Amino acid sequence: MIPIPSHAQTVLTVLEQNGYDAYLVGGCVRDSLLGDTPSDYDITTNATPQQVLAAFSAYHTVETGLQHGTVTVVVDSVPVEVTTFRIDGDYHDNRRPDCVTFTGNLRDDLARRDFTVNAMAYRPSTGLVDCFGGQQDLRARLIRCVGVPDIRFGEDALRILRALRFAAVLGFTIEPETAKSIHKNKLLLNHIAAERIQAEFFKLLCGINPAPLLDEYRDVLAVFLPEITAMFGFAQHTKYHDSDVWRHSLRALASIEAHSLPLRLAAFLHDIGKPACFTMDEDGIGHFYGHAKQSVELTRNLLNRLKCDNATKHAVLTLIEYHDAELAPTKKSVKRWLGRLGPELFFDLLRLQAADSKAHAAPYVAPRLHALGQIRTLAQEVLDEGACFSLRDLAVNGRDMITLGLEGRQIGAALDYLLTLVIDGAAENEKTVLLHAVQGWIEETHTSNT
Ligand code: ATP
Ligand code: MG
């Protein structure tokens with residue numbers, strides 16, 4: 001028995017009342033059998049898209065992809081995708097079928113699906129339909145192609161990355177024949193659009209434990225992330241590190257528990273600029289001057305190529321830029337950082353620095369983690385006190401500065417000066433106090449300018 005929410009049940013019932021066969025299919029069946037709550041419910045049916053539209057004439061429907069057989073039906077404000085049983089035509093570009101044919105046969109529809117665990121259907125009246133050993137693979141926690149892997153990856157190379165994504169997200173391993181075929185066919189990923197690669201790669205990174213998978217399939221990742229190759233086996237020659245740049249990065253990634261995309265990306269890529277910045281001094285010690293900036297540049301390029309959204313990019317690049325900034329365990333310093341990054345990004349930076357530290361040689365880990373713990377406590381105190389740490393919190397604003405006769409750049413400079421006074425504890429965050437202080441500042445800058 002699979003629990004079915006009422007909106008999905010309604011779609012099944014309406015189709016059956018109209019004389020059609022209808023099943024839950026794909027991810028929702030897989031997740032339900034695993035005991036997880038599916039994110040959405042897809043339905044497959046022998047009704048053609050036109051018949052589906054007619055059956056749901058009383059509902060809001062969206063013609064999502066009629067030529068592929070998909071109609072979205074909205075029930076109780078929840079969209080449910082209904083797709084006609086179909087067979088994909090020939091593939092000529094390793095991307096998409098040239099055409100699709102509708103079929104009356106559920107088995108044919110299941111056969112076109114990517115992996116056995118994604119190729120099961122279910123309806124309450126007749127139970128589970130599992131033609132390709134999906135249940136067995138679920139129990140063994142295996143990702144296995146439906147059919148011959150070389151053929152399936154040749155049809156649609158995105159499946160290569162989908163295999164890695166499902167393995168990471170579900171915590172599964174990839175069945176050996178499928179794994180071998182992934183390595184063999186990896187270059188076909190060059191035919192896939194950046195947006196589709198990005199979607200699967202980002203989900204992969206946010207999986208349960210992506211690091212071992214990234215390591216095992218680093219050759220596959222390198223097809224669309226050639227920059228990472230320089231990290232493989234790159235020895236660091238410093239006492240702070242007991243692993244090469246690639247392994248260090250994976251260790252840092254492995255200790256990011258939050259499934260936060262920017263944090264995971266930052267942990268994975270924070271040292272990608274190291275190989276290009278490497279120098280060795282006469283004592284044989286390695287240095288990586290300027291590597292944070294170099295990592296930012298390489299990562300910016302990489303994320304642009306993947307068509308990453310701006311908010312994610314901004315967060316990742318900021319985290320990487322400051323990943324090795326020396327944060328001091330003082331309230332003053334903490335307030336400055338809170339002001340500069342905002343609380344969310346600052347706490348993420350602390351997480352990144354902790355993950356980075358944990359991936360260092362053992363003697364250096366505990367002291368750094370201790371300091372980071374202190375900084376986190378201080379930051380929490382600052383927030384709990386409602387203390388002032390940004391221009392937004394300041395008891396005066398730009399308009400007040402204009403009233404005092406300031407203009408242009410002077411306004412920002414005056415506010416920065418006041419914020420520093422308040423953060424340093426040299427002035428109370430009160431309007432009269434600050435207006436008085438800024439008058440002194442105006443006189444001083446005026447005299448020093450004349
Ligand atoms: P998620 O929880 O991420 O939504 P999902 O299994 O529903 O997982 P989708 O990408 O939404 O994944 O795809 C829905 C279903 O469509 C899959 O379970 C699979 O059966 C089929 N499918 C999707 N993409 C492909 C593909 N490229 N090749 C073959 N079958 C696919
Ligand atoms: Mg889905």
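Predicted model: local features only at pLDDT ≥ 70, side-chain atom pairs only at ≥ 80, totals over all residues.

Helix α17, which covers residues 331-341, packs against helix α19, residues 365-385, at an angle of about 70°, and their axes lie 9 Å apart. Since angles of 65 to 115 degrees count as roughly perpendicular, α17 and α19 are therefore roughly perpendicular to each other. On the α17 side the contact is made by Lys-331, Val-334, Lys-335 and Leu-338, while α19 contributes Ile-375, Leu-378, Ala-379, Glu-381, Val-382, Leu-383 and Glu-385. Sorted by class, the residues of this contact between α17 and α19 are seven nonpolar and four charged, with no polar ones.

Now, how is α18 placed against α19, roughly parallel or roughly antiparallel? Helix α18, residues 343-358, packs with α19 at an angle of about 170°, with the axes 9 Å apart, and α18 and α19 are therefore roughly antiparallel to each other. From α18, the residues that meet α19 include Phe-346, Phe-347 and Leu-350, and among their counterparts in α19 are Leu-369, Leu-372 and Ile-375. The contact of α18 with α19 has eleven nonpolar, three polar and three charged residues.

Let me turn to the strands. Strand β3, residues 60-65, pairs with β4 in the antiparallel sense over four bridges, and His-60 has Val-74 in β4 as its bridge partner. These two strands, β3 and β4, form a hairpin with four residues between them, and in that turn Gly-69 has a positive phi of about 90°.

Strand β4, residues 70-75, is in turn joined to β5 by six bridges, with the two running antiparallel, and Val-73 stands opposite Val-80 in β5. Here too there is a hairpin, this one with two residues between β4 and β5, where Asp-76 in the turn has a positive phi of about 50°.

Finally, strand β5, residues 78-84, also pairs with strand β2, residues 42-45, in the parallel sense over four bridges, and Thr-44 has Thr-83 in β5 as its bridge partner.

Note on methods:
Residues numbered from 1 in each chain as written. Chains lettered and ligands numbered in written order. Heavy atoms only, no water. Axes fitted to C-alpha atoms, helices over the stretch in contact; angles between N-to-C directions. Parallel < 35°, antiparallel > 145°, perpendicular 65-115°, else oblique. Contact = heavy atoms within 4.5 Å. Nonpolar A, V, L, I, M, F, W, Y, C, P; charged D, E, K, R; others polar. Pairing = 2+ DSSP bridges.
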